[in-house]
Amino acid sequence: MEVRWSGVGPLRLGPPHTALTLVLSALFGLWSAQALEMSVGKVPFLEAVNGSTVMLPCTYSSCIGIRDLYFKWLYNNNGTLQRVCDSTIPTEGVEPHVSVYRERVTFVGMNHNNNISIMLWNITFEDGGQYICFGRNPKEMGRNHSATFNLIVVDELRVVDNTLTIIIASAVGGAIALLMGFMLLKNFAIFVMTKLEEKNKECLVTSSGIDNTENGLSGSKADSKPTPKKK
């Protein structure tokens, strides 16, 4: 009889390039975690009145530090990117010499706390739109990073109607006040009933003591009578 081996074959490793790919992917993920990041804040838009002065915020951060960081502000003019200003920061904490290419623009960040914000003076409706804060750190092999901020220019700020909010707040406040009043009234009623019960108990104890005293005195008088002598 012929016997055939049907067991599981020996474990074989994949081709060498597979392991290399995994290593490179891990290194790339670690590198990405340390990459440069540009930020325009938690609220990336601003609504401002025509003729006012506004600041467009932008900061950068990098876990591996910077060297000759190149940054610039761009304005998206209907699909055409126009330079607003740009400069190179040699190292952290050094104030850059910024070139400005647009009127009524001032660089105010000064690189304090990695701040590269700009100020727009006496804005017009033409200033409204999308602004891009761009950065490139040579330490990251020239990778590009950016963040977008939207400026909305209006004639006047809209007045928010808080009527519904006031009504809801009033209703909630009234309900809370009613509930607190009910709880106070309930506690007061419980306090009064407790005091009445204590008073009734005191009256019952006092009455019982008086009755026992009277009964004891009459008995003692009866016992104190002399026993009649027999003739």
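**Side chains in the predicted model**

Me: How many aromatic pairs does the structure hold?
Reply: There are 3 aromatic pairs in the structure. Keep in mind that this is a predicted model.

Me: Take Tyr70 and Phe134. What is the geometry of their rings?
Reply: Edge-to-face. The ring centres of Tyr70 and Phe134 are 6.5 Å apart. Their planes stand at 70°, and over 60 counts as edge-to-face, so the pair gets that label.

Me: Where do the two sit in the chain?
Reply: Tyr70 is in strand S5, and Phe134 is in strand S10. They are 64 residues apart, so the pair links distant parts of the chain.

Me: Phe134, buried or exposed?
Reply: Phe134 is buried, with a relative accessible area of 12%.

Me: And what about Tyr75 and Tyr131?
Reply: Tyr75 and Tyr131 form an aromatic pair too, a tilted one. Their centres are 4.9 Å apart, with 45° between the planes.

Me: Which strands hold them?
Reply: Tyr75 lies in strand S5 and Tyr131 in strand S10, so this pair ties together parts that are 56 residues apart in sequence. Tyr75 is buried, and so is Tyr131.

Me: Which charge lies over the face of Tyr75?
Reply: That of Arg102, at 4.4 Å from the ring centre. In another spot, Arg83 lies over the face of Tyr101, at 4.3 Å from the ring centre.

Me: On to charges, then. How many salt bridges does the structure hold?
Reply: The structure holds 3 salt bridges. One of them joins the side chains of Arg83 and Asp86, at 2.9 Å from N to O.

Me: Arg83 and Asp86: buried or exposed?
Reply: Arg83 counts as partly exposed, at 43% relative accessibility. Asp86 counts as buried, at 8%.

Me: What does Arg102 form a salt bridge with?
Reply: With Asp127. The closest N and O atoms of Arg102 and Asp127 are 3.5 Å apart. Arg102 is in the loop between strand S7 and S8, and Asp127 is in the loop between S9 and S10. That puts the partners 25 residues apart.

Me: How accessible are those two?
Reply: Arg102 is partly exposed at 21% relative accessibility. Asp127 is buried at 3%.

Me: What about Arg104?
Reply: Arg104 forms a salt bridge with Asp127, and the closest N and O atoms are 2.9 Å apart. Arg104 is partly exposed, with a relative accessible area of 33%.

Me: Switching to cysteines. How many disulfides does the count come to?
Reply: The count comes to 1 disulfide. Cys58 and Cys133 form it, with their sulfur atoms 2.0 Å apart.

Me: Left-handed or right-handed?
Reply: The link of Cys58 and Cys133 is left-handed, with -85° about the S-S bond. It links distant parts of the chain, 75 residues apart. Cys58 is in the loop between strand S3 and strand S4, while Cys133 is in strand S10. Both Cys58 and Cys133 are buried.

Me: And Cys85?
Reply: Cys85 is in no disulfide. The nearest cysteine sulfur is that of Cys133, 8.4 Å away. Cys85 is buried, with a relative accessible area of 1%.

Me: Cys63, buried or exposed?
Reply: Cys63 is exposed, with a relative accessible area of 64%.

Me: Last topic, the core. Which residues touch the most other members?
Reply: Trp73, Ile116, Ile118 and Leu120, out of the 28 residues in the largest nonpolar core.

Me: Which strands supply at least two residues of this core?
Reply: S3, S5, S6, S8, S9, S10 and S11 each do.

Me: What does Ile116 touch?
Reply: Leaving out residues up to four places away in sequence, Ile116 touches Met38, Cys58, Tyr60, Phe71, Trp73, Ile89, Phe107, Gly109 and Cys133. Cys58 and Cys133, in that list, are the disulfide partners.

Technical notes
Residues numbered from 1 in each chain as written. Predicted model: local features only at pLDDT ≥ 70, side-chain atom pairs only at ≥ 80, totals over all residues. Heavy atoms only, no water. Disulfide = S-S within 2.5 Å. Helix = DSSP H or I, 4+ residues; strand = E, 2+ residues; numbered from the N terminus. Buried < 20%, exposed > 50% of the residue type's maximum accessible area, 1.4 Å probe, protein only. Core = buried A, V, L, I, M, F, W, Y, C linked by side-chain atoms within 4.5 Å. Contact = heavy atoms within 4.5 Å. Phe/Tyr/Trp six-rings, centres within 6.5 Å; stacked < 30°, edge-to-face > 60°. Lys NZ or Arg CZ within 6 Å of the ring centre and 35° of its normal. Salt bridge = Lys/Arg side-chain N within 4 Å of Asp/Glu carboxyl O.
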